[in-house]
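Colleague: Hello! Could you walk me through this model, one step at a time?
Modeller: Gladly; let us look at it together.

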Amino acid sequence: MKVLKKEKLFANSSYKKLFISSTGASFGDLFDMFAVMTLFTYVWHANSLWITLIPVAYALPSILLSQAAGNLADRYDKVQLMFLSELVRLLFTCLLFFTNEPLLALGVLTLRSMGSVMKVPAQLAYVREVVKEDQLLQASTLQNIMFQIAKVVGPFLGAAALTITTPKACILVNAAACMISIGMLFSLKKAGKNIQGQAARSSHQVKETYSNGWKIVFQHSILLRAVILFHLSYFVVMLVDAQISIFLRDVLPHHPEMLGWLLSGIGLGALATGVYLNRKKQVHHPFRLLSLGLLLFGGALFFISCFNPAVMSRYFILIAAPIGGAGVGLNLLLFNYIVQTYSDKEHLGKVYGFINTLTSAVLLTAPLLGGMLVKLAGAQTTFLTAAIIIGSVGFVSMLMPLRDKRERNIQIDAYKKSLRLYLKLFFILLFINQRLHKSKQLICSVLQ
């Protein structure tokens with residue numbers, strides 16, 4: 001039966017081609033990003049200012065243009081928009097290959113990001129059009145699973161490629177991925193809608209173009225709460241991701257390999273969550289699981305922040321990694337599912353345009369703010385504060401009633417099960433910690 005579910009989804013030719021296109025683009029982007037960082041750092045020997053501007057070149061166009069791109073995705077042919085976006089990405093990727101100065105490279109990266117902004121809302125809105133309602137969860141989780149795999153495999157392959165070739169060759173790999181994506185998009189059939197009539201009915205002024213997305217979100221209680229919870233967790237994830245190496249350097253200065261193990265554990269937890277959700281046809285209480293994701297991530301972060309190498313084995317910190325990764329996976333996958341399920345098809349592009357603006361703003365500001373906080377208060381205090389905040393928000397959101405008709409019938413058992421699971425995980429970690437502490441005291445007394 002599990003095999004039949006996948007066959008039914010991939011029997012959809014439109015989704016299959018879109019899946020191949022987005023998967024190839026994800027691998028190509030990660031190859032490209034790895035190559036760009038290597039070029040700036042080791043080939044051009046750029047100073048810290050140029051390197052700091054790289055994420056700005058990637059994120060700033062999305063902050064400024066995502067809502068306009070979402071409006072275009074609702075008004076025009078989504079396949080054509082994705083096709084044009086990939087053509088622009090291919091053009092500037094080839095131009096980046098011939099660039100040999102940091103300043104010019106930043107300009108090319110910015111222009112390429114501007115051209116690529118329209119692809120995300122158009123792609124996500126197109127999935128809603130071509131995939132059946134009972135397959136939305138599987139469709140969104142499959143794409144996120146491949147993205148998580150690409151995050152693990154992409155840098156590894158990029159590092160392996162650099163041992164036998166140059167960073168410019170990795171940029172060519174991204175260009176080849178663009179060509180594959182363009183080929184898949186070219187073969188897609190146009191969306192079965194009267195695009196011209198839709199465009200005529202959706203003619204808005206520029207001011208409305210930038211306001212429609214947030215208006216739709218703010219008028220829908222479920223969407224608004226999901227957007228707030230997801231971006232809170234995403235902000236903390238970006239803050240932790242940027243400063244986790246500093247934290248590990250402080251608590252485990254002689255074990256740099258722990259960073260790789262910890263990040264791998266987080267990725268493994270997120271991947272396992274994706275595989276689990278992919279086996280389900282439907283999630284009955286997605287908002288509750290979204291809140292549970294906050295609790296899991298906050299609990300894991302709290303445990304990591306309280307890690308004490310004097311009384312714990314250094315490998316003990318790895319226990320929290322898959323738990324935190326599972327929380328991150330629940331937030332990412334269920335947030336996309338909630339947006340796909342609770343948004344109207346004709347406004348989905350605008351909604352994703354607004355969401356991409358917020359996501360890019362978090363991507364730009366969270367690492368900078370995290371660096372400032374860690375410098376002022378220290379990594380351990382910053383992590384502990386973030387854990388308390390995100391855990392408290394998850395707990396409160398778990399208890400708050402929902403006023404949306406789709407989840408009116410949620411019973412108290414859903415609360416009890418989620419809280420029971422969270423408490424069990426907490427007490428298991430506490431019990432293991434106490435046992436290790438007693439064992440270490442016993443070993444020390446015997447040695448003395």
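**A guided tour**

Modeller: The secondary structure of the chain comes to 17 helices and zero strands; helices (H or I, at least four residues) and strands (E, at least two) are DSSP runs, numbered from the N terminus. This is a predicted model, in which local features need pLDDT of at least 70 and side-chain atom pairs count only at pLDDT 80 or more, while totals for chains, interfaces and linings use all residues. Residues are numbered from 1 along each chain as its sequence is written, and side-chain values use heavy atoms, with hydrogens and water left out.

Colleague: What percentage of the 448 residues count as buried?
Modeller: Buried means under 20% relative accessible area, exposed over 50%, and partly exposed in between (1.4 Å probe, protein chains only). Among the 448 residues of the chain, the buried share is 50%.

Colleague: Is serine 305 buried or exposed?
Modeller: Serine 305 belongs to helix H13, residues 286–305. Leaving aside neighbours within four places in sequence, serine 305 is in contact (heavy atoms within 4.5 Å) with Phe247, Gln380, Phe383 and Leu384. Its relative accessible area is 3%, so serine 305 is buried.

Colleague: How do H13 and H16 lie relative to each other, roughly parallel or roughly antiparallel?
Modeller: Axes are lines fitted to C-alpha atoms, for helices over the stretch in contact, and angles run from 0 to 180 degrees between N-to-C directions. H13 and H16 have axes 8 Å apart and pack at about 155°. Angles under 35 degrees count as roughly parallel, over 145 as roughly antiparallel, 65 to 115 as roughly perpendicular and the rest as oblique. Therefore H13 and H16 are roughly antiparallel.

Colleague: Which residue classes make up the contact of H13 with H16?
Modeller: Residues of H13 including Phe287, Leu294 and Ser305 meet residues of H16 including Gln380, Val393 and Ser397. Ala, Val, Leu, Ile, Met, Phe, Trp, Tyr, Cys and Pro count as nonpolar, Asp, Glu, Lys and Arg as charged, and the others, Gly among them, as polar. The contact of H13 with H16 divides into 15 nonpolar, seven polar and one charged.

Colleague: What separates the C-alpha atoms of leucine 229 and phenylalanine 287?
Modeller: Leucine 229 sits in helix H11, residues 221–251, and is buried, with a relative accessible area of 5%. Not counting residues up to four places away in sequence, leucine 229 touches several residues, among them Phe287, Leu294 and Val393. Leucine 229 and phenylalanine 287 are 58 residues apart along the chain, yet the separation of their C-alpha atoms is 9.8 Å.
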